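This report is intended for a reader who meets the structure for the first time.

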Amino acid sequence: MKTLRPLIFSVFLVLGFYIVTTHRGGGIRLAGDRGVFRPSKIEITQAATAPPLDPEEQNNISVYRKVIPTVVNVTSTTVSFDFFYGPVPQQGQGSGFILDSQGHILTNHHVIAGARQVEVTLWNKKKYRADVIGADRQKDLAVLQISAGNLTSATLGDSKALEVGQKVYAIGNPFGLSGTMTRGIISSIRSVRGPEGNAIDQAIQTDAAINPGNSGGPLLNSRGEVIGINSMILTGGAEQSAGVGFAIPINSAKAVLNDLVQFGRVRRPSLGIAGLLPIGPELADEMGLAADAGVLIQQVSPGGAADRAGLRGGRQRAYLGNTPIYVGGDLIVQIDGQDIETPQDIQNVLDTHHAGDVVKVIVYRGKQRLTFNVSLDESRGQQRAT
C-alpha cells in the first residue's frame, strides 16, 4: 500500500499537468514561445456581404472589360552585333490595339523600328506572327496585320475637343505585364518632341501611369473610346513613370491610316509654298496689311499647288531685324474654314488631308480678299512641307 500511494500520486500529478497545459485558456504554450500565447482559433470580423460598387468603380470595370479584348502585346526582335558572339537577337516589347476584323493593328513606329520579326500576343494569350503593313517615323505610327479570326476592334473616338481635367485610362503591357489598366486625367494639350525627335502636335499629356511597354497602347476616354496612342514618358532619368506621359492624338492617326494600309507610307500633302512669315497686329500695322493676323507667303514653288491655283509669293526684298524677307505676297487668313495665324496652323489643317484633296484658301492681296481652290500635291521630302 505504501508503494501504491506514490504511484497514484504521480498519475494524478501528470494528469493535472496535462489538463492545465492543453485546455487552460483554449490554447497551448510551446517551448521557446517565451510567454507568447497561441490560441487554437482566432476570432475575426467578417463583412456580411461584399459592398456594392460605386458608379466610378463600375465605369472603370466597364471600360476595362470593353477594351481589353482589343489590346495586344507587341514583341519585336532585332539583331545586334557582338564582337565576340556575332549577331545576337534582342527583343523589345510594346503595345497596340486592333483596328478591324481583318487583323490590322495600330502601334508606334519606335516599337517595331528595325525589327526582323514582329509577334503579337492577344488578350487570350494566343500568339501570331505579324507583318508590318505601313510605318511612318515622322508621326511615330505603324500598322501591323495578323491572320486571326473572331477579333474585337477598338472604337476610335475624337481627339479634337479634349479638355484638361478630363478622365482618361491607359491599357497596355508595362514592363511586359499584360492587360494592365491605369487611370488619370488629361494634364495638358501641348506640342512635344517624340522619342525619335519627331514633333507631336497637340500631344495629350496625362498623369495616368505610363511605363516602358505601354508604347503603342490606347489612351481612352470614360466611354472606352480611343482618343490617343500612348507614346512616351518624361522621367528625369528614372526610366519609369513620373506622372508625365504623352499620347499621339487619335485624329492625327486617323488622317493617315488609309495611306499606311494602302501604300505602306504617308502621302503627305503640300501647298507648294515656303518661307512662311507669321503676322501679328504690330507687324501687320507696320506693313500696312489688311488683316491683323495671318501667314504671309514669301515664296511659291514653280508649278506647285499654290502656283497653279494663282497664289503669289513676295517680290520685294526687305529686312525683319537682320533677317531678309520678301514682302508683297498673299496673306493667308483661312484654310477650309480654319483661321490661320501661324505656319503650324497650316500644318494642322494639312494633317487632316491627303495629296489630291482640294482645300479652300482665303487670302488678302493688298486690300482685296480672294478665295482660291488649291489641289494639294504630294510632298516629295520626308520632312514636313507646306
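A residue is called buried when its relative accessible area is under 20%, exposed when that area is over 50%, and partly exposed in between, with a 1.4 Å probe and protein chains only. Helices (H or I, at least four residues) and strands (E, at least two) are DSSP runs, numbered from the N terminus. The model is a predicted one, in which local features need pLDDT of at least 70 and side-chain atom pairs count only at pLDDT 80 or more, while totals for chains, interfaces and linings use all residues. Residues are numbered from 1 along each chain as its sequence is written, and side-chain values use heavy atoms, with hydrogens and water left out.

In helix H8, the buried residues are Ile346, Gln347, Val349 and Leu350. They lie on the same side of H8, because they cover an arc of only 160° around the axis; the arc is that of the directions from the helix axis to the C-beta atoms. Contact means heavy atoms within 4.5 Å. The buried residues of H8 pack against E15, strand E18 (294–296), E22 and strand E23 (338–339).

His353 is found in the loop between helix H8 (343–350) and strand E24 (358–365). With a relative accessibility of 16%, His353 counts as buried. Its side chain is joined to that of Asp357 by a polar contact of 3.4 Å. A polar contact is a pair of N or O atoms within 3.5 Å; within protein, one must be able to donate a hydrogen and the other to accept it, and residues adjacent in sequence count only if both atoms are side-chain atoms. When neighbours within four places in sequence are left aside, His353 is in contact with Pro269, Asp336, Val359 and Leu376.

**Nonpolar cores**

A nonpolar core is a set of buried Ala, Val, Leu, Ile, Met, Phe, Trp, Tyr and Cys residues joined through side-chain atoms within 4.5 Å. The largest such core has 28 residues, of which Phe97, Leu106, Leu141, Leu220, Ile229 and Ile250 touch the most other members. Among the elements that each supply at least two residues of this core are helix H2 (55–67), strand E8 (141–145), strand E11 (199–206) and helix H5 (257–263). Strand E13 gives the most to this core, with three residues. A second, separate core of 21 residues includes Ile273, Ile332, Ile346 and Val374.

Leu106 also belongs to strand E5 (residues 104–107), from which His104 and Leu106 point one way and Ile105 and Thr107 the other way; all are buried. Not counting residues up to four places away in sequence, the residues touched by Leu106 include Phe97, Leu141, Ile229, Ile250 and Leu257.

**Strand pairing**

Two strands pair if DSSP finds at least two bridges between them. E5 and E8 run antiparallel and are joined by four bridges; Thr107 has Ala142 in E8 as its bridge partner. Strand E6 (residues 117–121) and strand E7 (residues 127–136) likewise pair in the antiparallel sense over four bridges. Val118 is the bridge partner of Ala130 in E7. E6 and E7 form a hairpin with five residues between them, and Lys125 in the turn has a positive phi of about 75°.

**Salt bridges**

A salt bridge is a side-chain nitrogen of Lys or Arg within 4 Å of a carboxyl oxygen of Asp or Glu. By this rule there are eight salt bridges, and the table lists some of them.

| Arg268 | Asp136 | 2.6 Å |

Arg365 lies in strand E24 and Asp330 in the loop between strand E21 (323–327) and strand E22 (331–335), so the pair ties together parts that are 35 residues apart in sequence. Asp330 is buried, with a relative accessible area of 0%. Both Arg268 and Asp136 are buried. Arg267 is partly exposed at a relative accessible area of 22%, whereas Asp259 counts as buried at 3% relative accessibility.

**Gln205**

Gln205 lies in strand E11 and is buried, with a relative accessible area of 12%. Beyond its neighbours within four places in sequence, Gln205 is in contact with residues including Ile185, Ser188, Arg190, Val244 and Phe246.
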